[in-house]
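Dear colleague,

Please find below the structure that I am handing over to you, followed by an account of what was found in it.

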Amino acid sequence: LVAPLASKAGSAGTNSKPPFPELDFRSGARVEELNKLIQEFTKHDQREYDDQRALEIHTAKDFIFSMLGMVQKLDQKLPVANEYLLLSGGVREGVVDIDLDELNVYARGTDYDMDFTLLVPALKLHDRNQPVTLDMRHSALCHSWLSLRLFDEGTISKWKDCCTIVDHINGATNYFFSPTKVADWFYDSISIVLSEIQKKPQRGMPKVEKVEKNGTIISIILGVGSSRMLYDIVPVVSFKGWPAVAQSWLMENHFWDGKITEEEVISGFYLVPACSYKGKKDNEWRLSFARSEVQLKKCISSSLMQAYQACKAIIIKLLSRPKAISPYHLRSMMLWACDRLPANYLTQEDYAAHFLLGLIDDLQHCLVNKMCPNYFIPQCNMLEHLSEETVMLHARKLSSVRSDPAEHLRTAIEHVKAANRLTLELQRRGSTTSIPSPQSDGGDTNQPDDRLAKKLQQLVTENPGKSISVFINPDDVTRPHFRIDDKFF
């Protein structure tokens, strides 16, 4: 009789204890600890900026837009009233699908403090209501050539020197817009303009610390006060509407259904200067849905986004050699996960650890199967070109992360803290005085708009992934024209 009594007493005691902590089966890590590490990473990765830093961001933005206005005036190639898409995070952060193997390595803290990507339309096709049909006969999926036959004679004449020429048997000549030649022209034009600007420096004007051509993008690092801003400027072709090749995607059910309208999602797309693995670099552009992704991110929970940012920090360091996986692949996997999993699961605030482990598992699954479908064009496998050796090498590296996610999170935290320390050290050594906005050509001499600076601080720096459409008239570069959704600032 004693044994049952002891058993009963033991069970009563067990019930009075807190439940056993939730563990990750694979690594044995405590889920609560992983959640805390992700929160700590987020705290250091998403730094809050004071009004001075917000004003420096505004000053750098003014300088870049003024510079692009001057580029347009050089030879009138760029559209007169252009619409840019400004994204927080540089190209290396995976904000657009561009190959990273041609880019020089820049590190936050060492080379820059904040990074942005600016998509600048060289050409616009904005007058079409029907699905846009592109010339994909010569290209891999998700890529296209662009014939200037779609444009008027004036446009053809202006851009002829940035085209490859194909003569047909019937004697007709076809001009194909060349991403490499456009990038060369853009870099040369920006270099000329910056040279002219620096001949007549004005008070408060940012210091141009670096201008480099990285493949087909132009990277500019500006020093403004105690801040260094990296702008990755990407020449693109801008379209209103939706490409015919992605039309079937609209027929499927998606996580954003009922949260945002289809009109918001399919308002436009881009061709970015990136080639497929076997494509012709001089002719081939890659379809980009960056504008749509800005809208979709509104529907992603903060806990999933935190897990994504932490996972991205881990893989950028771990999978950098050889360059095969980019943060854009991880972004695509996150969007697929949003379609696959119930919304009420993905919005759980304390599930960031589950999401992080799931993203690592997803990425490893994609590598082992050498399959990562493009979210908008699923028939396009973004890993198809990789060798078996490369995918298995990266899969094994990810296996080490999955075996000890807490340690890799701690390493990511140390990296971001070290970057922040470098930034603070630069601030201590740098200027502590207020930096006025640079004056543009015949510019306004009013004081900088503090309200606008605070709005920028709120919309750009405090929210990872927030994006702004910017309308700029090169004949009036003194006025900012921001659009967040349908609101103008």
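K213 is partly exposed, with a relative accessible area of 32%; the term covers values between buried, under 20% relative accessible area, and exposed, over 50%, with a 1.4 Å probe and protein chains only. K213 belongs to strand 6 (residues 207-214), where helices (H or I, at least four residues) and strands (E, at least two) are DSSP runs, numbered from the N terminus. Apart from neighbours within four places in sequence, K213 is in contact with A183, D184 and Y187, contact meaning heavy atoms within 4.5 Å.

Residues are numbered from 1 along each chain as its sequence is written, and side-chain values use heavy atoms, with hydrogens and water left out.

Overall composition and confidence

The protein has 14 helices and 13 strands. Of its 489 residues, 52% are buried. Among contacts with a separation of 6 or more, 75% are between residues 24 or more positions apart.

The average pLDDT, which is the predictor's confidence in each residue from 0 to 100, is 84 for the protein, and 82% of the residues score at least 70. Confidence is highest in strand 10 (residues 285-288), at a mean of 97, and lowest in strand 13 (residues 487-488), at 42. Where pLDDT is low, the predicted coordinates should not be read in detail.

Nonpolar cores

A nonpolar core is taken here as a set of buried Ala, Val, Leu, Ile, Met, Phe, Trp, Tyr and Cys residues joined through side-chain atoms within 4.5 Å. The largest nonpolar core has 115 residues, and I64, M67, F177, F186 and I220 touch the most other members. Helix 11 (residues 352-368) supplies the largest share of this core, 10 residues. A second, separate core has 17 residues, including V91, I217, V236 and V272.

Beyond residues up to four places away in sequence, F177 touches A122, L123, L146, L148, W159, C162, C163, V182, V237, D282, N283 and W285. I190, in helix 5 (residues 179-199), is buried with a relative accessible area of 0%. Not counting residues up to four places away in sequence, I190 touches M67, V71, I218, I220 and I233. I190 and I218 are 28 residues apart in sequence and 8.8 Å apart in space, C-alpha to C-alpha.

Individual residues

Q76 has a positive phi of about 60° although it is not a glycine. This residue, Q76, sits in the loop between helix 3 (51-75) and strand 1 (82-88) and is partly exposed, at a relative accessible area of 39%. C142, likewise a residue other than glycine, has a positive phi near 75°. C142 lies in the loop between strand 2 (114-125) and strand 3 (143-144) and counts as buried, at 2% relative accessibility.

H44, in helix 2 (residues 31-45), counts as buried at 18% relative accessibility. Leaving out residues up to four places away in sequence, H44 touches R108, I413, V416, K417 and N420.

Cavities

On a 1 Å grid over the protein atoms alone, a cavity is a set of points where a 1.4 Å probe fits but cannot get out, and lining residues have an atom within 4 Å of a point. Grid points are joined across faces, edges and corners, and a volume is the space filled by probe spheres set on the points. The structure holds 4 cavities of 30 Å³ or more, and the largest cavity has a volume of about 80 Å³. Its lining consists of F255, K259, C299, I300, S301, C338, L341, A343, L346 and T347.

With kind regards

Definitions and conventions:
On a 1 Å grid over the protein atoms alone, a cavity is a set of points where a 1.4 Å probe fits but cannot get out, and a pocket is an open set with protein on both sides within 12 Å along at least five of seven lines; lining residues have an atom within 4 Å of a point.
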